[in-house]
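Good morning, and thank you for coming.

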Amino acid sequence: FREEFNRFSSIIQVTYEAIYTDAVPTRTIVYTDPDEGILSEGDSIHVVYSKGPVYVTMPDLVGQTSFRAEEILNYIGLSLGEVKEAYDHTVPKGQVCGQQYDADKVIRNGSSVDITVSRGPEPVTVPNVVGMEEERAVNTLKNAGFDVSVIYQKSESADASENGKVSAMKPSDSVQLYGSSIELTVMQAVVRLQDVTGKTEKDAKELLEKQHLTVNVTREDTDDPDLDGTVKSMDPKADTTVDFGSEVTLVVYECTGFVKVPELEGRTEADAKAALDALGLKVTLKDIATSDDSLTDTVKSVTPEAGSVVETGSTVEVEVYRKTMIRVPDVTGRTEDEAKKIIDDLGLTFSFSYRDTEDASLEGKVYSTDPKPNAEVAIGGNVELTIYKYKAPETEPPTAEPPATEPPTAEP
């Protein structure tokens with residue numbers, strides 16, 4: 001419309017005024033003064049046109065350059081305000097990363113809008129994670145804003161304290177841009193498997209567990225008691241290199257129908273019974289006389305002999321030393337029942353004789369033994385107990401007094 005009025009600017013005076021209005025589109029005449037009629041040379045006219053609506057919707061400027069942002073603002077009737085810079089790892093350097101008003105917010109036309117332009121990722125101090133456990137090290141770096149990758153370095157010389165820990169990091173510079181990639185080298189200790197075939201299950205497990213390995217055991221039947229409980233094979237095989245914590249499966253022989261008679265000579269009777277019972281064998285005892293106190297109740301020999309292979313449930317005869325002579329205990333002064341128990345517990349028999357006493361407090365107590373205390377008797381020998389038996393003392397009958405006689409009467 002300016003071109004139309006400017007054609008008459010040589011003969012009339014034209015002035016312009018822009019106003020905000022929601023009723024008329026931008027850059028469209030709202031009204032003129034005068035609004036109609038014929039103008040003569042030298043007259044003037046005032047033209048009022050629309051600057052656009054009173055309120056506009058804020059555009060999204062994030063990702064635009066500051067120059068392009070200003071163009072967008074100007075186009076809808078806004079102006080560019082203060083331009084700041086800030087670090088931002090999500091928006092490339094030189095692009096808008098923030099704006100004064102959120103996108104889609106309605107603001108007054110003609111307002112100025114401040115924007116923030118990205119300086120790119122911020123320099124960040126890299127935490128030193130060498131020596132940390134892998135998981136902790138990775139989390140520490142990620143929380144600081146870095147991308148992390150891990151490579152593993154296998155080593156037979158590494159010990160348990162180094163396994164799974166960071167041995168190096170790259171780059172090692174103390175400052176990197178936010179979002180940079182950090183590569184960690186993690187020590188992965190490995191062990192070379194020892195050959196445990198032929199060893200007992202217990203010994204094999206101890207050796208492998210000392211190498212920081214876990215052990216799984218499966219069983220395989222055998223009729224040879226000599227192989228019972230020994231390792232037939234292992235998986236992985238001996239001399240294989242595996243990581244700490246790896247599982248090794250052992251196949252262990254198990255003899256289910258036969259057992260080997262153990263060496264029991266010199267062991268106590270109770271120990272021998274327990275050992276044979278654990279193998280599923282029955283026990284019969286045979287007493288062997290001895291005068292040696294140190295051998296009493298210990299095993300002399302077994303039949304079948306030690307090392308023999310027998311079926312589970314078989315009977316083994318165990319010869320046990322028994323002391324042949326027993327010292328008679330001193331039970332004088334004890335009650336009859338107490339004395340009987342003491343004598344019986346020693347494997348001796350007893351008999352009784354009785355001795356009268358007028359002391360009621362001694363009733364039922366032992367007066368003496370035969371043999372006497374500390375005398376030696378054979379196992380099963382007899383000890384005669386003499387027991388007090390109360391007898392009330394006898395009383396003498398009263399003496400009869402002669403009848404009284406009257407003195408003779410004198411004759412006259």
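This is a predicted model: local features need pLDDT of at least 70, side-chain atom pairs count only at pLDDT 80 or more; totals for chains, interfaces and linings use all residues.

Residues are numbered from 1 along each chain as its sequence is written, and side-chain values use heavy atoms, with hydrogens and water left out.

Let me start with the sheet. Strands here are DSSP runs of E with at least two residues, numbered from the N terminus, and two strands pair if DSSP finds at least two bridges between them. Three strands form an open sheet in the order β1-β3-β2, and the pairing is mixed. At its edges are β1 (13–20) and β2 (29–33), each of which pairs on one side only. Between β1 and β3 (residues 44–52) the pairing is parallel, over eight bridges. Within this sheet, Ala18 stands opposite Tyr49 of β3.

I turn now to the aromatic rings. Rings of Phe, Tyr and Trp (its six-membered ring) pair if their centres lie within 6.5 Å; planes under 30 degrees apart count as stacked, over 60 as edge-to-face and the rest as tilted. The count by this rule is two aromatic pairs. Tyr367 belongs to strand β25 and Tyr388 to strand β27 (residues 382–390), so the pair ties together parts that are 21 residues apart in sequence.

Are these two tyrosines buried or exposed? Buried means under 20% relative accessible area, exposed over 50%, and partly exposed in between (1.4 Å probe, protein chains only). Tyr388, at 16%, is buried, whereas Tyr367, at 35%, is partly exposed.

A charge sits over a ring if NZ of Lys or CZ of Arg is within 6 Å of the ring centre and within 35 degrees of the ring normal. Arg355 lies over the face of Tyr367, 4.4 Å from the ring centre. Elsewhere, the charged end of Arg108 sits over the ring of Tyr55, at 5.5 Å from its centre.

Finally, the leucine. Leu362 is in the loop between β24 (349–357) and β25 (366–370), and its relative accessibility of 25% makes it partly exposed. Setting aside neighbours within four places in sequence, Leu362 is in contact (heavy atoms within 4.5 Å) with Thr357 and Tyr388.

Note on methods
Helices (H or I, at least four residues) and strands (E, at least two) are DSSP runs, numbered from the N terminus.
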